[in-house]
Structure formats: structure tokens, C-alpha cells
Amino acid sequence: MTRLSRYFLPTTREAPADAEAASHRLLVRAGLARQLGAGMWTWLPAGWRAHRKVEQIIREELDAIGAAEVLMPVLQPAELWKRSGRYDIDEVFKLRDRRGAELVLAMTHEENLTWHIAREVRSYRDLPKLLYHFQTKERDEPRPRAGVLRTREFIMKDSYSFDRDLEGLDRSYELHIEAYDHIFDRSGLEWYRVESDVGMMGGLGAHEYMAPCAAGENEVALSEAGYAANVEVASATPQPIDGLPEPLPEPRPVETPGATTIDAVSRMLGVPAGALIKAFPLFVDGRGPALVVIRGDHRLNEVKLRNALGAAARPAEPEEVRENFGAEGGFIGPVRAQVEVLADEALRGLSGLVAGGNEPDVHLVGVEPGRDFKATWVDVRRVEPGDTCPNGATIRIEPAIEVGNIFKLGLRYSEPLGAHYLDEEGREQPIWMGSYGIGPARIVAAAIEQFHDEHGIAWPRSVAPFDVELVTLGRQGEEARRVADVLYEQLRGVGLDVLYDDREMSAGEKFADAELLGCPLRLTVGRRSIEAGEVDVQIRRGREKRSVPLDGAAEAAADLFYTLP
RNA sequence: CGGGCUGUGGCGCAGUCUGGUAGCGCGCUCCGUUCGGGUCGGAGAGGUCGCCAGUUCAAAUCUGGCCAGCCCGACCA
């Protein structure tokens, strides 16, 4: 019996002043969730229903690939985390119990599960294993934001795969791709599986599932030819430069007093920004000073740079720049540089370029990479909209929220936690692991982000809190109330989840609330429709109105419901 | 962690500059009215002005400290 008169669905006319993201505003306005503190959210009944619908889709698809659900504690011994080397991560919440024992609140559960696997798995016959769980994860986020998109405490589905070898891991990974593709299709979202950075943790491969939306924290490079990559790792063919200067037989110094920016040099010399060589003096961990150069109209991608270097790097300090280049920032360049030079691929084959002269107020014109300086060629620039993807189509860049990720962990946890097995020859082998996450709350939020209008949410039917909102305009004792009471039972009888708005309120308020909550179908029973022998139906997405005969209305509603996106 | 902003009935805000004992809209309660797109009218309830200290005859208002929240950036294995 889900009667709105007794349900807890506190809708509001106005959103909290500090809510900016559409999902944040609508989660609150539609009565789905409330904030308790920074990055701490309470799911109210209707919001929790949506969350659970997402969970159920995930369960079904993971069960379908042979994964089995478990439950693990949030509170864990710090010892495990010290062993895996994750205890020092700032985001890990740490605490002590009354005896002073150190504990952590888990942000993921690799240590926990690997610990058990290490104890229980002995033989190659015990592998592979696919396990998953839903659990509250805790993260001391530096900056919670955008409603439930980034919180300090949230429920995450994590799967972990345990295999005999890399080939086995590849199979588990492929199984997860299969399951995840189904999950996100069923969730009704627009989504992309993108290549992603394997991060500092190493790893053998990773993809992220991204849902484009305005409030997204990530950027994805997409093309019509099916290219999809996180901008952090995206590669593309650059756009050509218009008006490149004529090549010179050798670099020639020119006076460029005070021109320390790309823009200033470009204007002073009358050349396009793309004709400049932008130089970044660096200090590479364990290697010392280096210089990375890219095209003047390009931007450096720090993730790609880190991957190209195979080490972390920081911008060189001003003293280090003077010491190594004989000039201040703005006038340094790769020609006759005394340090290791890395040059972005986009510079390869160009000539007639302009570079810093490595002396104050001087640039060099007519520079040709390869001829005038030697460099290691690398791909470290950020792709730009309009670039050409590897499949030959034009790149566009969209903000997106990461709703899932899959990651080939390799031996990252099995080694420190001692997860081994004996192979057919009786030799001890490490267990190959993968981990695979999904944030149900982010799917809920992304659905709202992607599907809303000025009236409220327009849920995909698979995650809507209810399939149908039944609105009666009749008061206690009126016929419209009696008819709606019957229809409510009939709708439930045909298997629909129904929210029944039986409140004694004006029609306008009930309609407005129904559109705010955004169930795929709204059925209205009032005196007018009864006299016509009909029930009025509104399809929330697009707000299309129809009528169906009162007789058989439940079946008609169900038939219509299953045709909706 | 750096930068910016905000804390005043449940929500959204004004009042703070220029100190004089708190106001508006929505919501809520009651009465009447209306009844298929947030009806209309009337009467009410509800506030330690984020917290602590200081200045002052007097502090929402001035000063100092603290706390919380939001936005941008850094960060987000």
C-alpha cells in the first residue's frame, strides 16, 4: 500500500540555495534525499527505491556471469592496510578502538577479500573465483560536491576476480565488460566505456564507464566513429596550423623583450600560436631536470606526461630554471638545452617554429625539431575538440560522471597479502586479480542529470522509484476516489509499482508533484475522465497526454509502460 | 591545502555598510471558499540572528577567535 497520504515524500518548491547540479536540486526537491553534512546523505523512501532498483539490475547481471555476492565489514584492522601499503593514503579514515587498536573504515575491500582468498585458496582447482558485494565505503574526500555525485560515505558495488594467470584475468575482465554493458544498457543511461588511466597503482589495463552530464567531474573524448577515451589518456591527430612561417636553414635569434607568454610572442612576431614551441621545465622524480615541449596552441596533459615519463614530475622551481637554462620562464626552449628533452608528437615534422632562446628576451625563429634539437618523442598533449580520432572521425569532448570502472589489478594485492596457489606441477603461483566497481548512487544521479526538464525528473523506467503514479482528484467519499482505489489494486495486479496520490490537495499541486518525482507514467482519475469512461495518461518524458478506456486501463498502462525507454 | 562566498522561524531571502531589541514570500495550524495545473480570503503558531569572547547604556549589525556549509582550483591510487 503506497499511499502518498501516508508516505514520506517531502517535496519542496525551491531547491537549497547551495545546490547547483540538477541532480542535487531535484533529489532534494522531489523528496528523494536529504543532506546531513558535507558529503553525507540520507536516502528517503522514494530515492532509496531508485537506488535499490539499480542494485537489483547489478545483482542480476553479475549473477549471470557467475559472480557470487558476499558481505564484508566496513570496520577493518589497520594492519591489513599497512600490509597492502594503503594505510598512508590521506583519504582513508583512521580510528582507534577503546583499547587503542588501530582501525580503518574501508574505502574499498581488496585487502579484506584477498586476505580470505589467501587463506582459503590452495590449489589451481580452487580458481577462478568471482565475488562481489555492496557495501558502504568511506572516504575522507578533500572536497565532497554536487549532491550525491561525490560523497564521503556511499554504497559501492565492488567485484573482485581471482585467477590462475593473466589469461584467466583477461577472461574475468571480459565477463565484467559483458555484465557492465548490460547493466548500463538496462539502467537507461547514455553511457560510454572509455579507456582510462591505470593510475599510480599500476595495473594492466582499465576502463571506465562514463555517463555524460553537465555536472560530470571528468571529461571524455568521443567521436562518431566509436572512439571513446577519458581525456586523461585520449590520443588524436592534431589539427593543422594555419599560417606556419617559412622554414629557415638554421634557427635565427630575434629580440622579444618582455614576451613571456605564447600570446605575447605570437603577437610580437606575427605568427600563429601553433607555430610556437611551448616549453615546460620539469624536475622528474629520481631523474632530475628535464624539458617537455609541445605545440604552442596545445595543452600539456599531466596524466599522459606522467605515463610517458614513467615517473612523477613537478614543475621546476624558478632557481632550477635559471640554473639549467640560463633564462627565466618564458624564454627557455629545447635548442641547445642542457637537459633531457621530451617533445610531443604533434611537433614532429614541423619546421619554421619559434622557441625560447634560453637567454633573456630572445626567441629563436626557424626552429625545426629533430634538426635543431634532439628529443624523445612522446604523446603528452591534451586532445582538443576538432582533432581526429584514430578511427578518422572528429573528436568532441563532453563532461561525464564516472559510474563504473573495471581494472586489471594484477598482483598488486595478492603479493603483499600472500594470495598464492599451487599449480598442476605443485609450484606456488600468485593469484591474478581484477577489481570492478559501480556506484549505484551515481547511476541514480546521472539518470536525473540526463533526463530532467523544467518540471522535474523524467526517469528511465528501469530505475524510476515507481512505474506509475496514480493521481485521484476525488475526495473522501467521492466516486473518483472509489474508482481510483480499484484501479490502484488493478495496477498492482498487473505487476506495476504504483504510487497512489490520494492526498486531499488541489489538482495542480498533485500534478506538479507527480512531474517533479517523474515516474514514467501518470494516471489521473477525476470526475471528468470518469464521465468519459476514461483514465488520463501522461507519459512523463515528453509530457505526452493520452486517454485509455477505464475498462482495462491497468493492462493498457502496463502495455504502454513496457514500451517506454 | 590555496582562493572566493554564505550562515537570520521548516525552505528561499531582506535587514548588517550607518548599533536602538527582527521582517517578507513560500510552507505549517485553524475557519471559510475553491475543486482537472501549485485557488482565494481571514485568523494564528513558529526565530538562542552558527558558536564563544570582546567593545558599548544597548550588538543580527562593530572587533577577535572558532565551527559549519557551498563554489573554483589542487587532489580524487
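1. Start with the contacts in chain A (heavy atoms within 4.5 Å): among those with a separation of 6 or more, 69% join residues 24 or more positions apart. Bear in mind that this is a predicted model, where local features need pLDDT of at least 70, side-chain atom pairs count only at pLDDT 80 or more, and totals for chains, interfaces and linings use all residues. Residues are numbered from 1 along each chain as its sequence is written, chains are lettered from A and ligands numbered from 1 in the order written, and side-chain values use heavy atoms, leaving out hydrogens and water.

2. Chain A has 565 residues, and 53% of them count as buried, meaning under 20% relative accessible area with a 1.4 Å probe, protein chains only. The C-alpha trace spans about 95 × 65 × 45 Å along its principal axes.

3. You'll find 13 helices and 31 strands here; these are DSSP runs numbered from the N terminus, helices being H or I of at least four residues and strands E of at least two.

4. Now the largest pocket, with about 1300 Å³ of space. A pocket is an open set of points on a 1 Å grid over the protein atoms alone, where a 1.4 Å probe fits, with protein on both sides within 12 Å along at least five of seven lines; lining residues have an atom within 4 Å of a point. The volume is the space filled by probe spheres set on the points, which are joined across faces, edges and corners. Of its 43 lining residues, Arg 139, Arg 150, Glu 208, Glu 402 and Asn 405 are closest to the centre. Strand 21 gives the most to this lining, six residues.

5. The second largest pocket has a volume of about 340 Å³. Helix 11 (residues 507–517) gives the most to its lining, seven residues.

Key:
Buried means under 20% relative accessible area, exposed over 50%, partly exposed in between (1.4 Å probe, protein chains only).
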